[in-house]
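Me: I would like a close look at one part of this model. Please keep it brisk and give the cut-offs as you go.

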Amino acid sequence: MNKPQFISKVLASVGGALLILSLIIVGVTDKDNFIEYTTSNSKVLASSMKYSGKKEDSAIKEINYTEDEKYEIEIAEAAVGDQYSGETKDEIAAKLNKHLGNDLLAGKGDLIATYSMSLGVDPYLATAVMLHESGCQNKCSGLSRKCYNFAGQKGGNSCMGGYVGYPSVDDGIKGAINNLYKNYYSVGLNKVETIAPKYAASDAWPSRIRYYISKLKS
């Protein structure tokens, strides 16, 4: 082999080696770029997932909170005043009828339960007030008999010189419940303890009402 041929082959080999080296360098660089790009994208993706996770957690907590709050509201609405939740109107009416005596209020449990619950008034509390004020569990008072006033409501001179009078037993029952709703429940007084100071001067009134409520629920 002469010298020019030898030099040509050496240069070709060197050129090939340089080409391979160049490809390797380019490959490594691209690989590095790929790794860096992938890592960067992974970080972005991880960050995005983390953010999404936070939003999802927040949404779940918000939903749970809303359900809890809704549940508490439903319980509060179902248990107006003293507790009677979990009972149907017919069940309450049946209990009331057992203690309404044989006088003017006899058999009026359905009317009391229906009308009370339609206004959000505790039917047990309303009945307890009427029984205590009228005495109708045994024999209705003169005020109840003459004025159909079962709750001792005062107002003007429409009946017996200072008491509210009603045209019928049913009207008197509704009037007693309306009184509780308009003058007490509508201003946030929906328990025996909060109603008592405004309703009656007697310190014994709350204990008597609670006694009747307990009896009616039995």
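Does Cys-147 count as buried or exposed?

Reply: Cys-147 counts as buried, at 1% relative accessibility. Buried means under 20% relative accessible area, exposed means over 50%, and partly exposed lies in between (1.4 Å probe, protein chains only). The areas come from the Shrake-Rupley method with a 1.4 Å probe, and for residues only the protein chains shown count as cover.

This is a predicted model, in which local features need pLDDT of at least 70, side-chain atom pairs count only at pLDDT 80 or more, and totals for chains, interfaces and linings use all residues. Residues are numbered from 1 along each chain as its sequence is written, and side-chain values use heavy atoms, with hydrogens and water left out.

Start with the bond at Cys-147. A disulfide joins Cys-147 to Cys-159, with an S to S distance of 1.7 Å. The term covers a pair of cysteine sulfur atoms within 2.5 Å. The torsion about this S-S bond is about -85°, so the disulfide is left-handed. Cys-147 lies in helix H5 and Cys-159 in strand S1 (residues 154–159), so the pair ties together parts that are twelve residues apart in sequence. Helices (H or I, at least four residues) and strands (E, at least two) are DSSP runs, numbered from the N terminus. Cys-159 is buried too, with a relative accessible area of 9%.

The loop between H5 and S1 holds Gly-152. Gly-152 has 25% relative accessibility, so it counts as partly exposed. Beyond its neighbours within four places in sequence, Gly-152 is in contact with Glu-133, Leu-143 and Tyr-163. Contact means heavy atoms within 4.5 Å. The C-alpha atoms of Gly-152 and Tyr-163 are separated by 7.3 Å, and the two are eleven residues apart along the chain.

A search of the whole structure finds two disulfides. The other pairing is Cys-136 with Cys-140, at S to S 1.9 Å. Its torsion is about 125°, so this disulfide is right-handed. Both Cys-136 and Cys-140 are buried. Counting bonded cysteines along the chain, the pattern is 1-2, 3-4.

Now helix H4. H4 covers residues 123–134, twelve in number. From first C-alpha to last it reaches 16 Å, close to the 16 Å expected at 1.5 Å a residue. The expected span is 1.5 Å times one less than the number of residues. Ten of the twelve residues of H4 are buried, so the helix is largely enclosed by the rest of the structure. Among them are Tyr-124, Leu-125, Val-129, Met-130 and Ser-134. The buried residues of H4 pack against several helices, including H5 (142–147), the helix of Cys-147.

Both ends of H4 have something to show. Asp-122 caps the N-terminal end, with a side-chain oxygen 2.9 Å from the backbone nitrogen of Tyr-124. Just after H4, Gly-135 takes a positive phi of about 75°.

For context, the protein has eight helices and one strand. From the N terminus on, the elements run α-α-α-α-α-β-α-α-α. Buried residues make up 28% of the 218 residues. The accessible surface comes to about 13500 Å², and 58% of that belongs to carbon and sulfur atoms.

Note on methods. A polar contact is a pair of N or O atoms within 3.5 Å; within protein, one must be able to donate a hydrogen and the other to accept it, and residues adjacent in sequence count only if both atoms are side-chain atoms.
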